[in-house]
Amino acid sequence: MNPPESKPQVPLYEEVANKVVEMIDSGTLPIGSRAPSVRALAKQMKISVSTAVAAYRFLEDHGRLQPRPQSGFYVRAASRENVEEPEMSRPPETVSDVTVGDLRLLLLTEFGQPGTIGLGASSGAVSDWSIKTVHALMSSISRTQPLLSASYPPPAGMSTLRRQVARWYMRAGCKLTPDDVVITSGALEAIHLCLRAVTQPGDAVAIESPTYWGILQTIEMLGLKALEIPTHPRTGPSLDALEVVLGQNLVKSIVLIPSAHNPLGSIMPEDSRRQLVAMVKKANVPLIEDEIYADLTFETTRPRACRSYDSSPSASSNVMICGGVSKTVAPSLRIGWCMPGRWIKEVTGAKAWLNIASPTLPQLALAQFMDEGGYDRHLRKVTSIYRRQVERMSDLVAEHFPRETRITRPQGGFLLWVELPEGLDSVKLHDRAIKNGISICPGVVFSATGKYRNCIRINCGLLWSAAVEQAIPTLGKLIAEMTDS
Ligand SMILES: Cc1ncc(COP(=O)(O)O)c(C=O)c1O
């Protein structure tokens, strides 16, 4: 018989610190108030003065108390630095069907509901001035070039926009020509066309875990299967796991979001990108690189696209870039693109027979916006706003959610991934939140295998307001009610 497991010993000062945190969380010790003196605490808890000092030092190190000379310790609001990050994910190592539940469709309809705080969506709303500029360009182009703006564009898109996109990707380290680019109706169509060009129904596709649910939906629509790869919240997918998968010939394609991942905000380091491209080339497996958030990374220079590490000419590359402006300018424009490398003919053909081409006018306006430097200026502005808002939202979550909560440290974009205490059902939380006028995105939709039920994704890109600030304490209360019941 095994000996009974001994409980890990928590030092006395830490037990005392935990009791003080309970007093803070319950409001007995409000934020900003003075904590009892060390002597008073020692007396109250029947401990030595040195244990009380150790407890306060511990709370100071964890950002919950702030010492003030000759005055004592003061209660601080919890901040993101004191909250742990999620660990590397551990999805099942098997290929699985993706069954997209009704939940994803429900979420899509719910996100934009007037009167709802859309924390569940993944679109930024701080792009007011730039969308006004693009709209003004559309109206001026339709007046000055009515026939052109009303005509069918070529299936691959307007050459003016394809030129701008090819030029833009020089920043991502890619050498592209307008002929390498296909304009699509949003990035999701680009992913769909690329995946369709390189797979047959029944094939398996490797994806990050968690991953953007549109990718899962596309996999399901094309009759494919998914293989979820362990993914780190800062550095992205495990290359060791991918190497095994490629070595065993388990997948026909890989779809990744290497830059400012949705939902994790992770960025694959340069070395990993280089290694990944070498791996997929060796295995002759196409890599679909979803770059939609890459221009919103918080570092001053955006990461190089994985494709830039492929020295082969574009027409023979097996790295397919997908991107668009839904996250940077506006999703309503429905402008995406792909640079499908070796599969340019197949993708252009599929685009033509699916919907002939994407609308002309937004393409012309966006091309002009990019050409005149508006896109670049806009990105610099929104990225710093998103960064501040992600930090503020993280602090609010740290302050109002249970102590066991973990949050990511996004390096770009505007999404925050929150791991709630084990066992908390985020679908039920979603149902309660929506009754309180708040939409959230439950974690379960980011997995093919029903993982992440205790996680939620929060949109920090909303136009910031008192109502947005208030939504997090409200969610915190709903979570507390669920954990108490
Ligand atoms: C990672 C990722 N890729 C693609 C898309 C789809 O973009 P679009 O609206 O341009 O089709 C999204 C939208 O949420 C996304 O988050």
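Predicted model: local features only at pLDDT ≥ 70, side-chain atom pairs only at ≥ 80, totals over all residues.
Of the 13 residues around the ligand, select A187, N262, D290, S326 and K327, which come nearest. Now look at the polar atoms. A backbone N or O atom of A187 sits 2.7 Å from a ligand oxygen, and a polar backbone atom of L188 is 2.9 Å from an oxygen atom of the ligand. On the side-chain side, pick S122: an N or O atom there is 3.1 Å from an oxygen of the ligand. The protein covers 94% of the 390 Å² of accessible area that the ligand has on its own.

Keep N262 selected and step to P263: the peptide bond between them is cis, with omega near 15°. P263 belongs to the loop between β9 (253–256) and α11 (270–283). For another cis bond, go to S209 and P210, where omega is near 0°. P210 is in the loop between β6 (204–209) and α9 (213–221).

Select N249, in the loop between α10 (239–247) and β9; its phi is positive, about 60°, although N249 is not a glycine. Then jump to Y452, another non-glycine with a positive phi, about 65°, in the loop between β16 (441–442) and β17 (455–459). Which of the two is buried, and which exposed? N249 counts as exposed at 61% relative accessibility, whereas Y452 is buried at 12%.

Finish inside. The largest nonpolar core has 73 residues, with L119, Y169, V329 and W337 making the most contacts within it. Helix α14 (374–400) gives the most to this core, nine residues. A second, separate core of 26 residues includes L193, I219, A226 and I257.

Definitions and conventions. Residues numbered from 1 in each chain as written. Heavy atoms only, no water. Core = buried A, V, L, I, M, F, W, Y, C linked by side-chain atoms within 4.5 Å. Buried < 20%, exposed > 50% of the residue type's maximum accessible area, 1.4 Å probe, protein only. Helix = DSSP H or I, 4+ residues; strand = E, 2+ residues; numbered from the N terminus. Near = heavy atom within 4 Å. Polar contact = N/O pair within 3.5 Å; in protein donor to acceptor, adjacent residues only side chain to side chain. Areas by Shrake-Rupley, 256 points an atom, 1.4 Å probe, with all protein chains shown as cover.
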